[in-house]
Amino acid sequence: TVPPALGHLVGLVDLNARRNRISGTLPEELSTLARMQHLSLYTNRVSGTIGAWIGALQRLGNGAEGGLDLRANHISGSIPSAISQLREFHGNIGLGSGYVCPVPPITFTNGTVSTSYAECARP
């Protein structure tokens, strides 16, 4: 699982744990990682939802390798509107399947949101 103690690594800039067997949910304690620019848990077994805490990661998406990639997991629920607080986002957000559409209004400088294979609810 993603241990809540990761929140104590306040200097962490890049967490790339792709293609592992990580399961469980994303702990809210990740919100304390104010310097985090890149978070990739692509192709794991992470489940649950992403909470409003994602908006606290103000530097997420900055830098050449910045971004958020949660594709190929078991994350579900709606995309939190707090994601729009990532104002300086220059990377990509890969959310993958399971999210309820539409994507909330997001105004990034240069970033994009990918909801490939999203299961969008029809109005």
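Figure 1. The structure is a predicted model, in which local features need pLDDT of at least 70 and side-chain atom pairs count only at pLDDT 80 or more, while totals for chains, interfaces and linings use all residues. Residues are numbered from 1 along each chain as its sequence is written, and side-chain values use heavy atoms, with hydrogens and water left out. Arg71 forms a salt bridge with Asp69, and the closest N and O atoms are 2.7 Å apart; the term denotes a side-chain nitrogen of Lys or Arg within 4 Å of a carboxyl oxygen of Asp or Glu. A search of the whole structure finds one salt bridge.

Figure 2. Asp69 is found in strand β5, which spans residues 67-69; strands (E, at least two residues) and helices (H or I, at least four residues) are DSSP runs numbered from the N terminus. With a relative accessible area of 12%, Asp69 is buried. Beyond its neighbours within four places in sequence, Asp69 is in contact with Leu39, Ser40, Leu41, Tyr42 and Gly94, contact meaning heavy atoms within 4.5 Å.

**Figure 3. The open sheet β2-β4-β6.** Three strands form an open sheet in the order β2-β4-β6, with parallel pairing. Strands β2 and β6 stand at the edges and each has a single partner strand, so one side of each is left without a neighbour in the sheet. Two strands are taken to pair if DSSP finds at least two bridges between them. Strand β2 (residues 23-24) pairs with strand β4 (residues 45-48) in the parallel sense over two bridges. Within this pairing, Ser23 has Arg45 of β4 as its bridge partner, and the partner of Gly24 in β4 is Val46. Strand β4 is also joined by two bridges to strand β6 (residues 74-75), and these two strands run parallel. Here Gly48 stands opposite Ile75 in β6. In general, strands of a sheet pair through backbone hydrogen bonds, either parallel or antiparallel.

**Figure 4. Ser47 and its contacts.** Ser47 lies in strand β4 and, at 28% relative accessibility, counts as partly exposed. When residues up to four places away in sequence are not counted, Ser47 touches Gly24, Thr25, Leu26, His74 and Ile75. Ser47 and Gly24 are 23 residues apart along the chain, and their C-alpha atoms are separated by 5.6 Å.

**Figure 5. The chain as context for the close-up views.** The secondary structure of the chain comprises zero helices and ten strands. Of its 123 residues, 41% count as buried. Among contacts between residues at least 6 apart in sequence, 52% join residues at least 24 apart. The accessible surface of the chain is about 6,600 Å², of which 49% belongs to carbon and sulfur atoms; accessible areas come from the Shrake-Rupley method with a 1.4 Å probe, and for residues only the protein chains shown count as cover.

Definitions and conventions:
Buried < 20%, exposed > 50% of the residue type's maximum accessible area, 1.4 Å probe, protein only.
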